[in-house]
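This report describes the packing of one protein model, from its nonpolar core to selected residues in helices and loops. The sequence and the structure are shown first.

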Amino acid sequence: FNKKKFLMCLITALLTVIVWNLPSSFFDIDGLTIVQQRVIAIFVMAVLLWITEAIPAWATSITIIFILLFCVSDSSFSFFQGTEDQYGTMLDHVGVMACFADPTIILFLGGFILAIAATKSGLDVLMARILMKPFGQKSEYVLLGFLLITGVFSMFISNTATAAMMLTFLTPVFKALPANGKGRIALTMAIPVGANLGGMGTPIGTPPNVFALKYLNDPAGLNTGITFSHWMMVMVPLVIILLIIAWRLILHFFPFTQKTIHLKIDGEVHRGWRMWLVIITFIVTILLWVIPKKVTGIDTNTVSMIPMAVFAITGVITAKDMQDINWSVIWMVAGGFAIGLGMNGSGLADAAIESIPFRNWSPIVILAVSGLICYFLSN
C-alpha cells in the first residue's frame, strides 16, 4: 500500500469534483455547456494522474474512457443526460469506444508486429550492426547515431512507425550497458526526440506538415507555391541543428556511466525463407509509407495491416507472439485519443479557441500564443 499514491488519488478526485461542479462563469468561455465542463474536469483528472503516476498511465487511460462513456456519452446513465439545449452535445459512445481501434493504433500495432518479426528472424541484430557501425563505440556517439538515424527515418516514415521500428534496435544495444546507469534512459529518449524532430524535415514527415502545406499553397489563400524541395531546404538544416542540441541536452540530463559501448551485437540471424520474407515485408511496408497516398491510393495507417496479414498467414507471428505486444502502451495512446475526442466532439476545443480575443492582439503575440496553445494541446 503506497500512502503517497493513495493521497494523490484522493487529491485528484477532489479537484476533479470541484472542477466538475464549478459555476460555468468561472471558465470565462462563452456558451460553455455542462458536457464541455465535464470534459474539462476529466481532462484535469487525466493530466494530474498522468503527471503524478498515482496509478499506471494505461490505467488512467482506461479511467478516461470509462468516465467519458458513463458520464458524457449518449450511452451514459440517464441522470447524466438531458436535452442538447440543457446539457450540450453528448459524445457518441461508439466513437469513444473506437478510440482503441483508431487508425493510429493500427499503425502502432503494425510497428510492433514488425518489431517482433525482426527480433524472431534476427533482422534487428543485422540492421543494428550495419547502421550503428559508422558511429564507433564511444557512448555519446552511439547516442548521436540513434538520434540521427531516427531523425532521417522519421522524415519519410510516420513518427510513430519510426519509433516502433527503432525501438527494436535498442534491445541488443541495451545488453552492452549497465542496468543501473542512465545510459539506457538516454538511448530510449533518443527515439521519440529524434522521431519528433525528424518529422519536421519533409512535408510528409508528420500529418501537421501536410495541413500546413495545404494552406500555404491554397490558390484561394496564401498561394506561396512551396514545393517539397523548398520545404526541405529550410527545415532539414533546422532539424539537424535541433538534433545536435537535443543530443547535448540528453547527455546533460542522462549522462552515461560507461564511456564506451562495445557493441558486440550478439544474436542469431536466420538466413532461411522467414528472414527474406521479413526483409521483403519491411521494404514493401516502408516504401508504401514513403510513397505519397495520391500515387498508391493507400493510407499510411492501412499500410500497417500488410505486416500483420503477411506474418499471420505465413506463421512468422503466432498467437503467443501477440502477447509480447505492449498493450499498456496501446491503452495509454487510446486514452489520449479519447480526451481529444471529448474536447472536439463536445465543441470544447472550438469554444476555448473562440474565447481568445485574437483580433485585438499584434501578429507577434498571436504567433507566440498560437504556438503555445498548439504546444500544450499537442502534448
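## The nonpolar core

The largest nonpolar core has 89 residues, among which Leu143, Phe146 and Leu187 touch the most other members. Helix H6 (residues 103-121) supplies the largest share of this core, ten residues. A nonpolar core is here a set of buried Ala, Val, Leu, Ile, Met, Phe, Trp, Tyr and Cys residues joined through side-chain atoms within 4.5 Å. Buried denotes under 20% relative accessible area, exposed over 50%, and partly exposed the range in between, with a 1.4 Å probe and protein chains only. Helices (H or I, at least four residues) are DSSP runs numbered from the N terminus, as are strands (E, at least two).

The model is predicted: local features need pLDDT of at least 70 and side-chain atom pairs count only at pLDDT 80 or more, whereas totals for chains, interfaces and linings use all residues. Residues are numbered from 1 along each chain as its sequence is written, and side-chain values use heavy atoms, with hydrogens and water left out.

Phenylalanine 146 is in contact (heavy atoms within 4.5 Å) with Met132, Met166, Phe169, Leu170, Val173, Leu187, Ala190 and Ile191, when residues up to four places away in sequence are not counted.

## Helices H8 and H10

Helix H8 (residues 139-156) and helix H10 (residues 183-198) have axes that come within 7 Å and cross at roughly 30°. H8 is therefore roughly parallel to H10. Axes are lines fitted to C-alpha atoms, for helices over the stretch in contact, and angles between N-to-C directions run from 0 to 180 degrees. Angles under 35 degrees count as roughly parallel, over 145 as roughly antiparallel, 65 to 115 as roughly perpendicular, and the rest as oblique. The crossing of H8 with H10 is right-handed; this term applies if the near helix is turned clockwise from the far one by less than a right angle, and left-handed if anticlockwise.

From H8, the residues Val142, Leu143, Phe146, Leu147, Thr150, Gly151, Ser154 and Met155 meet Ala186, Leu187, Ala190, Ile191, Val193, Gly194, Ala195 and Gly198 of H10. This contact comprises eleven nonpolar, five polar and no charged residues. In this classification Ala, Val, Leu, Ile, Met, Phe, Trp, Tyr, Cys and Pro are nonpolar, Asp, Glu, Lys and Arg are charged, and the others, Gly among them, are polar.

Where does glycine 194 lie? Glycine 194 is in helix H10, and it counts as buried because its relative accessibility is 0%. Apart from neighbours within four places in sequence, glycine 194 is in contact with Leu147, Thr150, Gly151, Ser154 and Leu243. Its C-alpha atom is separated by 9.4 Å from that of threonine 162, 32 residues apart along the chain.

## Helices H6 and H18

The axes of H6 and helix H18 (residues 327-345) come within 10 Å, with a crossing angle of roughly 160°. The two helices H6 and H18 are therefore roughly antiparallel. H6 passes H18 in a right-handed crossing. On the H6 side, Thr104, Ile105, Phe108, Leu109 and Phe112 meet Trp327, Val329, Ile330, Val333, Ala334 and Phe337 of H18.

## Buried residues elsewhere

Isoleucine 64 belongs to helix H3 (residues 57-72) and is buried, at 0% relative accessibility. Beyond residues up to four places away in sequence, isoleucine 64 touches Ile42, Met45, Ala46, Trp50, Gly335, Ala338 and Ile339. The C-alpha atoms of isoleucine 64 and alanine 338 are separated by 7.2 Å, although 274 residues apart along the chain.

Aspartate 321 is located in helix H17 (residues 319-322). At 10% relative accessibility, aspartate 321 is also classed as buried. Not counting residues up to four places away in sequence, aspartate 321 touches Ile116, Lys120 and Val316.

## Loop residues

Serine 304 sits in the loop between helix H15 (300-303) and helix H16 (305-314) and is buried, with a relative accessible area of 0%. Leaving aside neighbours within four places in sequence, serine 304 contacts Ile106, Leu107, Gly110 and Trp289.

Most residues other than glycine have a negative phi. Aspartate 28, in contrast, has a positive phi of about 55°. Aspartate 28 lies in the loop between helix H1 (3-21) and helix H2 (34-52) and is exposed, with a relative accessible area of 63%. Asparagine 223 likewise has a positive phi, near 50°. Its place is in the loop between helix H11 (207-216) and helix H12 (228-253), and asparagine 223 counts as partly exposed at 48% relative accessibility.
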